[in-house]
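Subject: Structure for your review

Dear colleague,

Please find the sequence and the structure below. The findings follow directly after them, and I would be grateful if you would read them with the structure open.

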Protein chains: 2
Amino acid sequence: MSVHKLENAERRGAAGMGEPLGFRPLYRQVKAVFVQRLLDGVWPPGTGLPSEGQLAAEIGVSQGTVRKALDELAAENLLVRRQGRGTFVAEHDERRILFQFFKLVPDDGVARFPDSSVLEVATAPAAADEQAALGLPPGDSVIRVRRVRSLDGAPLVLETVSLPQRIFAGLEAGPVPNNLYGLYSARYGVTVANARERLKAVVLDAEQAGLLAVATATPALLIDRIALSLDGSPVERRLSLCLTGEAHYLSDLR
Amino acid sequence: MSVHKLENAERRGAAGMGEPLGFRPLYRQVKAVFVQRLLDGVWPPGTGLPSEGQLAAEIGVSQGTVRKALDELAAENLLVRRQGRGTFVAEHDERRILFQFFKLVPDDGVARFPDSSVLEVATAPAAADEQAALGLPPGDSVIRVRRVRSLDGAPLVLETVSLPQRIFAGLEAGPVPNNLYGLYSARYGVTVANARERLKAVVLDAEQAGLLAVATATPALLIDRIALSLDGSPVERRLSLCLTGEAHYLSDLR
DNA sequence: AAGTGGTCTAGACCACATT
DNA sequence: ATGTGGTCTAGACCACTTG
């Protein structure tokens, strides 16, 4: 059962052969074991993990090695560690989304979770750009959600979400909650781990401007987001048109 | 000389008094010592640091504690660690800037360092927004550099850099290199450690459009960057108007 | 061969939260 | 008082680079 034995074998083999890049440290293999448990739903969001000592004994490595694996997962926002309490699986609550995924901030205030008003939910064959973004085979369908998100009643973002129907079958039937990532997690067991955003400046056409209650040709920030699952596969494509008259996109370069 | 003694004293004092948040781990104090050496120019960019063992012996802590301090500094891109070679002070070469500070990438390619054509260098009293951004006292002056940056001969960014004259005195006299952060470091001993960018979508006025060789009212990405020094104080304000017709701003959400 | 950072272990003790 | 994560130490060994 212990990963330890596998590891030592792996290491000895690599050392004997001298393959230049065939080395994976023990704590990364332990980390992979933990990621697999997250993927398999063994530790669903909100769960408290066993203590470091228990995990170390179970797997057959030292507590320090378990610690290093858990530390990396916490750095990736997949786990939350709290001194004195324990280690927990991160949830997609509003706090986390605001911190990790929502970069649009009012100029004068602090980030808040916007309201959502759904315009349309539909299923259709994936367009070329959706196929490419989501890595779909030709012919696959997507579920599209179009909605306007507002802050204090003022429209701020016009959003089009594209989802692989293969993964999210049935989503188009029910109501669409404000917090989509929470739904992916709770109903489909899909954890959004990180995302890549591409930003451009555009001007709104008549229809878009109408939905956002501004003049045609108003400039807007176009965000093309691809959200990636725990295993690195794309699970959502989201196009957002954001009004930046009284808000901005915040990017911290470290 | 050893920090160790100071530390233990600090720890005992805190334990005795029971101040709730008065605890600073040893490795953070060691880290602060290293940051101070970077600030003081004891270890200029490119320098190779003494080995972990030497540093541990000098300061009077264990090698593991030194290691944890160095690891944090490497994670902040202030140091570069290379197995078998040593630990080095990070330099502001084009590779680092491209990786850490330059987020505008061509839609079809990979990020490249753009050419630069200076329009104007001038000194003037700081405007209200510059005062606020740079934390300047009223009456202080700034040096302004205005330039167009191009990729393959095509204008891409119209940039206005504002610098505290107090820090960068004399900069307006000499030539302005393409890589400004390298100049700050080499000539003024100022290390840009990180930055905060605020993005908005705007449309270009006639003058801006002319300088970028596009039509008036073309949409552009406005980036308002404040660059922070090692000690967290603002040292540069940079406004960039970016054409996003064939390029985009890349933001990775992790 | 020697020197560097990287990994792994084992054990002691500290800070924090809960019971 | 107990259990958790967080820090610190000491030592062994591994992987990588350079002479």
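In the hairpin of β1(B) and β2(B), which residue takes a positive phi? The residue is Gly84(B), with phi near 85°, and the hairpin has three residues between the strands. Strands here are DSSP runs of E with at least two residues, helices are runs of H or I with at least four residues, and both are numbered from the N terminus. Within β2(B), Gly86(B) is the bridge partner of Arg82(B).

Two remarks on conventions are needed. This is a predicted model, in which local features need pLDDT of at least 70 and side-chain atom pairs count only at pLDDT 80 or more, while totals for chains, interfaces and linings use all residues. Residues are numbered from 1 along each chain as its sequence is written, and chains are lettered from A and ligands numbered from 1 in the order in which they are written.

Chain A

The secondary structure of chain A consists of eight helices and ten strands. Its C-alpha trace spans about 70 × 45 × 35 Å along the principal axes. Of the 254 residues in chain A, 29% are buried (buried: 20 or more other C-beta atoms within 10 Å of the residue's own; exposed: 12 or fewer; partly exposed: in between; C-beta atoms placed from the backbone).

The sheet and the contact between the chains

Eight strands form an open sheet with antiparallel pairing, in the order β4(A)-β5(A)-β6(A)-β9(A)-β8(A)-β7(A)-β10(B)-β3(B). Its edge strands, each pairing on one side only, are β4 (115-125) of chain A and β3 (104-106) of chain B. Within the sheet, β6 (residues 154-164) and β9 (residues 234-242) of chain A run antiparallel and are joined by six bridges. Glu159(A) has Ser240(A) in β9(A) as its bridge partner.

Leaving aside residues up to four places away in sequence, Pro106(B) touches Leu151(B), Glu246(B) and Ala247(B).

In total, 24 residues of chain B are in contact with 24 residues of chain A, contact being defined as C-beta atoms, placed from the backbone, within 7 Å. On the chain B side, β7(B) supplies the largest share, ten residues. That side has twelve nonpolar, five polar and seven charged residues (nonpolar: Ala, Val, Leu, Ile, Met, Phe, Trp, Tyr, Cys and Pro; charged: Asp, Glu, Lys and Arg; polar: the others, Gly among them). β7(B) also pairs in the antiparallel sense with β10 (residues 247-253) of chain A, over five bridges, and Leu250(A) stands opposite Arg198(B) there.

DNA strand C

Around DNA strand C there are 23 residues, of which Leu26(A), Ser62(A), Gly64(A), Thr65(A) and Gly84(A) come nearest; a residue is near a strand if its C-beta atom, placed from the backbone, lies within 6 Å of it. The elements giving two or more residues to this surface are α2 (26-39) and α4 (63-75) of chain A, with α1 (3-17) and β2 (86-89) of chain B. The most comes from α1(B), with three residues. By class, the surface has eight nonpolar, eleven polar and four charged residues.

Yours sincerely

Note on methods:
Contact = placed C-beta atoms within 7 Å. Pairing = 2+ DSSP bridges.
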